[in-house]
Amino acid sequence: MQMDAIEKRILEEVAELHGMPQGAYNIRYNGEAQARQSTKEIEITPRAEGSGIDIRIKDGTVNQSCCIPVVIAKTGLKDVVTNDFYIGENCDIVIVAGCGIHNCGDQDSQHDGLHRFYVGKNSKVKYVERHYGETDDGTRGGNIMNPLTEIYLEEGAQMEMESTQIKGIDSTRREMKAVVKENASLIIKERLLTNGTQYAESRMDAELVGENASANLISRSVATDQSKTTYYSNIVGKAPCHGHSECDAIIIGEGKVLAVPALDAAHPDAALIHEAAIGKIAGEQLVKLQTLGLTEEEAESAIVEGFLK
Amino acid sequence: MGFYAKIDAARRRCIFFRSLKHFYKLICPKEAGKEYMLELKNITYNVDDEQGKKEILNGVSLSIPDGKFVVITGPNGGGKSTLAKIIAGIYQPTGGQILFDGEDITEKGITERARSGISFAFQQPVRFKGIEVYDLLRLASGDKDMTQGQACQYLSEVGLCARDYINREVDASLSGGELKRIEIATVLARKSKLSIFDEPEAGIDLWSFTNLIRVFEAIKEETKGTIIIISHQERILNIADEIVVIERGQIRRQGPKEEVLPEILGSDSAVPGCHVQKEQGGMH
């Protein structure tokens with residue numbers, strides 16, 4: 001498979017790939033499958049209807065990874081895709097996804113992806129997704145991404161999702177919905193940075209339906225310049241369960257942040273907690289780093305970098 | 001028999017070097033200031049509050065020689081911490097002059113002073129979400145490539161089991177005593193010519209306090225720089241070379257520990273160690 005410089009760079013940004021991935025993979029380029037590889041345990045096939053792939057992972061698959069990045073290097077392209085992950089029982093795997101757009105023209109480029117995860121009993125999944133955008137100098141086309149993630153965790157399953165959008169996405173509406181059964185646990189770590197006039201909206205809904213189910217939703221965002229970030233979270237406890245959501249945001253310049261957390265204890269033994277903190281970088285944090293020899297600008301970047309790590 | 005023949009060789013060498021020093025001062029007046037690492041000349045600091053202008057420091061002049069372990073003490077509200085922050089550049093004095101290594105640094109900001117060799121450990125260390133202990137030590141040392149092994153050495157020096165702390169975030173999950181020791185480790189990592197510690201014992205339990213004294217004793221043994229500690233704890237005063245007493249914004253007394261400590265024992269300026277347990281017994 002031939003990759004040009006733009007594609008190589010975007011794959012590095014969204015999937016830390018420095019060449020073709022190991023194990024199972026599917027690379028989608030400008031709305032079409034460009035390269036695909038299945039393994040004995042992880043089978044990737046095109047969907048019977050519509051655009052996207054099905055990923056089937058056999059019971060007991062451990063220490064394996066699956067990488068499915070998307071690259072858009074066209075202006076005016078709207079790519080809509082659905083990928084379903086059927087993960088068997090007792091698996092331990094890492095899934096890397098993510099999308100990068102290089103917009104070289106004046107029209108908007110957009111990627112709307114739905115990822116559905118059906119995680120079997122006692123399986124452990126780490127899911128990493130990164131979203132990144134860039135434009136050529138002097139062009140006016142926007143980069144838009146609307147990722148939707150649905151997660152269904154069977155008994156004793158564990159899933160940790162790391163979702164990061166650090167650069168170049170002008171508009172995003174991100175949604176995550178999860179249903180967590182008995183003894184299953186879900187951890188979501190979201191990191192968002194917006195600048196210029198960008199807008200980011202994130203919604204997280206977790207339904208805890210089984211005894212001892214747990215969810216921990218952690219969102220950290222930095223809104224700089226005139227950008228705006230909105231965060232909605234909702235944890236519904238329908239059983240004796242533990243839910244925690246945390247929303248921290250730093251405002252720099254004229255940035256705006258709205259956080260709307262909701263907790264719904266629909267069972268008397270549901271223990272639900274929410275924490276939120278929004279504000280500018282504390283002056284004392286800047287002063288401390290200045291006493292270590294950093295300039296005010298260096299201190300600000302060190303604080304933001306740590307916060308979004 | 002001539003004068004020189006009557007004195008021994010060591011004394012002759014001493015007189016020779018003294019003469020040389022005086023001659024050097026005459027030909028190079030700027031370098032002459034280096035006799036003292038830090039000189040504060042007539043420092044004043046006023047703030048405006050509801051009752052009008054309030055004088056926090058009123059004409060403080062202080063000279064601190066190179067390589068000394070100095071403890072600044074005095075009753076609460078006397079201006080000790082303000083003076084420490086003025087030296088580090090966190091507060092700008094209303095009047096007066098500050099010389100560091102003979103150079104006027106009065107107008108310099110926090111960063112410039114830090115880069116010229118001044119470190120400051122905060123009374124209430126700052127917490128950072130996301131920044132790990134390792135990151136902070138790396139920033140402090142100015143060495144981006146500092147290995148975890150090197151960072152661990154600083155943590156061990158302040159009595160923390162490095163493996164347990166190196167990758168922890170400097171956030172609310174750390175106790176007051178842990179934070180305080182990490183704060184001291186960041187100052188050690190800087191290897192500065194002048195290190196200032198603002199009430200290092202405040203907010204920590206007795207066990208941590210005992211360890212803290214050991215840490216400072218070790219720093220005193222090993223360091224070649226000058227150390228200023230703001231404290232009124234007798235056990236910290238006990239390891240000082242020099243003691244400075246500040247009261248109501250002015251220096252009331254300054255001199256070697258042997259002279260000053262007996263005069264202030266039992267006062268607000270020298271509180272016995274067990275007081276820490278009484279005041280901070282519930283804190284960990």
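**The interface of chain A and chain B**

Modeller: Across the interface of chain A and chain B, the rule finds 7 salt bridges, each being a side-chain nitrogen of Lys or Arg within 4 Å of a carboxyl oxygen of Asp or Glu. This is a predicted model, in which local features need pLDDT of at least 70 and side-chain atom pairs count only at pLDDT 80 or more, while totals for chains, interfaces and linings use all residues. Residues are numbered from 1 along each chain as its sequence is written, chains are lettered from A and ligands numbered from 1 in the order in which they are written, and side-chain values use heavy atoms, with hydrogens and water left out.

Biologist: Which residue of chain B forms a salt bridge with A:Arg220?

Modeller: The closest N and O atoms of this salt bridge are 3.7 Å apart. The partner of A:Arg220 is B:Glu169.

Biologist: Which element gives the largest share of the side of chain A that touches chain B?

Modeller: Strand S19 (241-251), H2 and H3 of chain A each give two or more residues to that side; helices (H or I, at least four residues) and strands (E, at least two) are DSSP runs, numbered from the N terminus. The largest share, 7 residues, comes from H2(A).

Biologist: How many of the 9 residues of helix H2 of chain A are buried?

Modeller: Buried means under 20% relative accessible area (1.4 Å probe, protein chains only). Among the buried residues of H2(A) are A:Lys288 and A:Thr291. Helix H2 (residues 283-291) is mostly covered, and the number of buried residues is 7.

Methods. Buried < 20%, exposed > 50% of the residue type's maximum accessible area, 1.4 Å probe, protein only.
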